[in-house]
Amino acid sequence: MLRRATVAAVLVGSVYASDLTGLASASAASVDAPRVGELLTEVQRAWTLRLRSGRYMEQSCSPSAAPHGGWEGYPVQVCDYSSKGVAAKVYMLNPSVEQLARWTVSACLDAAAINLPGCTRYLIQETWNASNGQFPVAGYVVEPRSSAGGSGNDPICLYFRDGVTAGTRSSSNEVRGGRCGPDTANAEAPDRARVFARISSTTRAMYRAAGGVQPVGVDGDVRWLRVVADAYKEAWKSDRNFLMFAKAKYGKSAGAFR
């Protein structure tokens with residue numbers, strides 16, 4: 001089994017200077033330390049290439065407190081952006097390339113992937129398709145209707161809270177006057193929470209299958225928001241992202257990789 005200290009020794013002096021605490025897992029039994037270091041480097045390179053094409057909501061951004069609280073001490077930014085001809089405001093806490101790489105590799109190791117490169121490719125693709133590596137704390141995400149269960153490429157305003165498509169008393173999916181809104185929804189209590197959690201579109205079922213024990217209910221239950229927010233906050237200060245691990249575990253069980 002790959003020892004924790006061995007992993008740390010590989011990473012010291014590289015772009016990853018932290019100890020990936022607990023990376024010794026069932027999958028690591030056949031993975032030597034140099035291979036882990038090489039994999040981290042390759043995954044960072046892959047994420048760098050992805051992000052070069054842009055995280056489309058990162059426009060006109062500035063540091064800001066989250067409008068509904070609960071994110072004090074985290075570098076949240078508010079961004080006024082335009083996509084598909086629609087203007088919107090969103091508060092985000094987006095991870096760095098280094099964070100994305102560490103989360104990706106640790107998720108695949110913890111999922112006991114035999115084909116580690118296959119797992120990391122799967123997780124990068126799934127995460128990119130789900131969010132472009134963006135985590136919306138609150139506000140509107142402009143997407144085509146087809147990606148929201150509708151049809152066609154006309155833009156729709158999806159309201160987000162704590163990384164999940166949600167809703168409040170006044171939030172709206174409709175484009176009005178070329179904008180998403182109203183922004184007053186950001187200060188309101190959410191009254192519904194949908195299925196997919198950013199940054200990898202992890203579901204409640206995936207969360208439970210990965211060992212998650214907090215009550216999350218079913219589609220609509222707002223308890224999912226707190227669980228996702230807490231998991232992301234924990235990941236922010238760690239080399240692990242539990243919801244990405246849950247996605248990797250799901251991918252392995254679905255046969256996306258061995």
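Me: How much space lies in the largest pocket?

Reply: Rolling a probe the size of a water molecule over the atoms shows where empty space is left. In this predicted model, local features need pLDDT of at least 70 and side-chain atom pairs count only at pLDDT 80 or more, while totals for chains, interfaces and linings use all residues. Residues are numbered from 1 along each chain as its sequence is written, and side-chain values use heavy atoms, with hydrogens and water left out. The largest pocket holds about 410 Å³. A pocket is an open set of points on a 1 Å grid over the protein atoms alone, where a 1.4 Å probe fits, with protein on both sides within 12 Å along at least five of seven lines; lining residues have an atom within 4 Å of a point. The volume is the space filled by probe spheres set on the points.

Me: Which residues are closest to the centre of the largest pocket?

Reply: They are Ser-147, Ala-148, Leu-158, Thr-165 and Arg-194, out of 21 lining residues. Helix 4, strand 5 (155–161), strand 6 (164–167) and strand 7 (192–197) each give two or more residues to this lining; helices (H or I, at least four residues) and strands (E, at least two) are DSSP runs numbered from the N terminus. Strand 7 gives the most, with four residues.

Me: What does the second largest pocket look like in volume and lining?

Reply: Its volume is about 230 Å³. Helix 6 (residues 223–236) gives the most to its lining, with five residues. Among the lining residues are Tyr-207, Asp-230, Arg-240 and Phe-242.

Me: At what angle do helix 4 and helix 7 pack?

Reply: Axes are lines fitted to C-alpha atoms over the stretch in contact, and angles run from 0 to 180 degrees between N-to-C directions. Helix 4 (residues 116–131) and helix 7 (residues 242–253) pack at about 120°, with axes 10 Å apart. The two helices are therefore oblique to each other; angles under 35 degrees count as roughly parallel, over 145 as roughly antiparallel, 65 to 115 as roughly perpendicular and the rest as oblique. Residues in contact (heavy atoms within 4.5 Å) include Tyr-122 and Glu-126 of helix 4 and Lys-247 and Tyr-250 of helix 7.
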